[in-house]
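Reader: I am new to this structure and would like to learn how to read it, one feature at a time. Could you show me the chain and then take me through it?

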Amino acid sequence: MCGIVGYIGNKEAYPILINGLKRLEYRGYDSAGVALLNGNINVYKRKGKVSDLEDYTKSQNTDGTIGIGHTRWATHGEPNDINAHPHRSMDGKFVLIHNGIIENYGKLKKSLEEAGYEFTSDTDTEVLANLIAYIYKEGDMSVEMAVRLALKKVIGAYGLVVFSTEEPDKLIAARKGSPLVIGVGKGEYFLASDATPIVEHTNSVIYLNDDDLAIIKKDQMVLKTIFDEKQEPVVEELDLDIGEIDKNGFPHFMLKEIFEQPRSILDTFRGRVAKDNSEIVLGGLYRVIDDLVQAKRILIVACGTSWHAGQVGEYMIEDLARIPVEVEYGSEFRYRNPVITKDDFVIAISQSGETADTLAAIRMAKEAGARVLGICNVVGSSIPRETDAGVYTHAGPEIGVASTKAFTAQVTVLAMIAMVLGNKRGELSTDDYNELIHDLTEVPAKIEKILQQNEEIKAIAEIYKEATNAIYLGRGYLFPVALEGALKLKEISYIHAEGYPAAEMKHGPIALIDENMPVIVIATKDKSYDKIVSNIQEVKARNGKVIAVVTEGDDTIRNMADHVMEVPESTEMLSALTTVVPLQLLSYHIAVMRGCNVDQPRNLAKSVTVE
Ligand code: G6P
């Protein structure tokens, strides 16, 4: 959710913080703020974007070589200047930025109020700032100890950075549930919620674990737990290129990421597929492959777009490996008392690797004795660190809030897993296995071809940009694509859209169809082709407008539909990878034409670290 940055060293902190906040803005963007130590602590915060904060600080003193910054996605209190972070304690001695939720903040606030503390904001974070100040004032102790003692009283999740006028040479950072990364420079340290603001300064990073507490001076860092146990920091090298987090000439990250898919899919299977297409080797599966092959049932847990990828995975694994699969929303799974046994195998899918509900679901599954595999994109994030095994998607950083290339990379990994499982279980013959591998290697070139239709798709977008509703229909592997297409449209253009299995249309959505209703039908040539042609006719008979995603050269549907978007022929099992691309482009262009903020849609956040 929120984005955190921090700097301590010999350079001016402000430009580093502002630049970092811009990199992190995709994590939250309703307000932003910085605090800089320069004798006193100067705190500047503003409702709105980081650019609003930047405009505001133009006339302010932003000097200082120690500072922290925050970009917010509101949980407690509406987005406004006062609720924006950083928050200062009433005595002005402590300043804090925080990502997460302090669940017992009400109780803590009440006792602080009884002790005479007054609060200016509605946030849980200000409560924590005052709790630290109160503990510090009551005892004869260091700032570090006050922070530690305060955190022991906290129930909830946090990634936080605090500094104090009492010991102005250090930043204190702590993590429980919300990610924090420390960049190690020469005589300087950087802090952030993820590595994107750090990579332009250093490649050496330390990922904090839950309950870690770092005491950071410009030339020294001590790592402990909040229980005062010394920890040995593990410095890792970042494998992230600065070019990957820039727009590279595209007007939006989302468009860049859509266009990156031929490469990101290639990166996802490269090195895992043997040159002669004879086999797939997923190093991350090695430790759990026997459990997976013998699993009585596979449970896939995920949220949002990753859940849609999971749905495609269900069809693939059942199809090729004949293992029963259930796909669960992390949030439902964790609270609905599901039956989990040691014979179950859980696959958690998450772009960010931080989604709170998915994380909680895998913890529950592990407790019940199931083995857990993670499919994540962000290296070093929480889910890969908590699972028994994992396969990274290697899609590169996804900055646009609406997920695109992460989805196709997840589906690519799931396809590889399904093929490996199918082959190992004797359900998929070696010839079919090799042919499918070959088909997978052809996907990037097919997507290149689809992307060449960008202008045609833009022209279709122009016609439907004023729509208020849309229905997406698909069957089989293309049903989850319908769900994903609808989600893309509603996320970024705020047009109400629903995805349905095409045959279900008759059981409700058909009542909505009139001459104003665009119906996007994913209708490539597969075993349900004739059925979906009938569904198109049913829509046309009611004067609905049909935009169809079809296999190249399909004149039957071309003659029936109002518009078509073509994709190259594909094996059915991999058809989600190609058919989703025109839908991503259609949503993108509609959203741009409606003047929406495509990369940062209202109310959404890229990484949902609260439940
Ligand atoms: C948020 C994002 C979505 C994403 C979902 C799950 O809602 O806006 O794009 O699909 O979280 O995130 P994850 O990182 O677990 O894939």
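**Reading the model**

Author: The UniProt annotation "active site", from an unreviewed entry, covers Cys2 and Lys606; such positions are given in the numbering used here, with feature names shortened, and the annotations may be inferred rather than shown by experiment. The two residues span 605 residues in sequence, yet no two of their C-alpha atoms are more than 9.4 Å apart, so they gather at one spot.

Reader: What should I keep in mind about the numbering and the kind of model?

Author: Residues are numbered from 1 along each chain as its sequence is written, and side-chain values use heavy atoms, with hydrogens and water left out. This is a predicted model, in which local features need pLDDT of at least 70 and side-chain atom pairs count only at pLDDT 80 or more, while totals for chains, interfaces and linings use all residues.

Reader: Where is Cys2 found relative to β1?

Author: Helices (H or I, at least four residues) and strands (E, at least two) are DSSP runs, numbered from the N terminus. Cys2 is found in the segment before β1 (3-8). The UniProt record, again an unreviewed entry, places "domain: Glutamine amidotransferase type-2" at residues 2-219, a span that is 25% helix and 31% strand, with its end C-alpha atoms 28 Å apart.

Reader: Which residues does the annotation "domain: SIS" cover?

Author: That annotation, also from the unreviewed UniProt entry, covers residues 288-427 and 460-601. Residues 288-427 are 48% helix and 20% strand, with end C-alpha atoms 19 Å apart, whereas residues 460-601 are 42% helix and 20% strand, with end C-alpha atoms 22 Å apart.

Reader: Which domains does the domain assignment give?

Author: Domain bounds come from an automatic or database domain assignment, which here gives domain 1 (3-243), domain 2 (247-441) and domain 3 (452-596). The C-alpha centres of domain 1 and domain 2 lie 33 Å apart.

Reader: How many residues of domain 1 and domain 2 are in contact?

Author: Contact means heavy atoms within 4.5 Å, and by that rule eleven residues of domain 1 are in contact with 13 residues of domain 2. Buried area is the accessible area (1.4 Å probe) that two parts lose on being put together, summed over both; for domain 1 and domain 2 it is about 920 Å², 48% of it on carbon and sulfur atoms. Tyr26, Tyr207 and Gly243 supply 42% of the area that domain 1 buries against domain 2, more than any other three residues.

Reader: How many salt bridges does the rule find across this interface of domain 1 and domain 2?

Author: A salt bridge is a side-chain nitrogen of Lys or Arg within 4 Å of a carboxyl oxygen of Asp or Glu, and the rule finds one across the interface of domain 1 and domain 2. Arg363 forms a salt bridge with Asp210, the closest N and O atoms being 3.7 Å apart.

Reader: What backbone features deserve a look?

Author: Most residues other than glycine have a negative phi, and most peptide bonds are trans. Here the peptide bond from His85 to Pro86 is cis, with omega near 0°, and Pro86 sits in the loop between β4 (66-72) and β5 (87-88). Asn277, although not a glycine, has a positive phi of about 60°.
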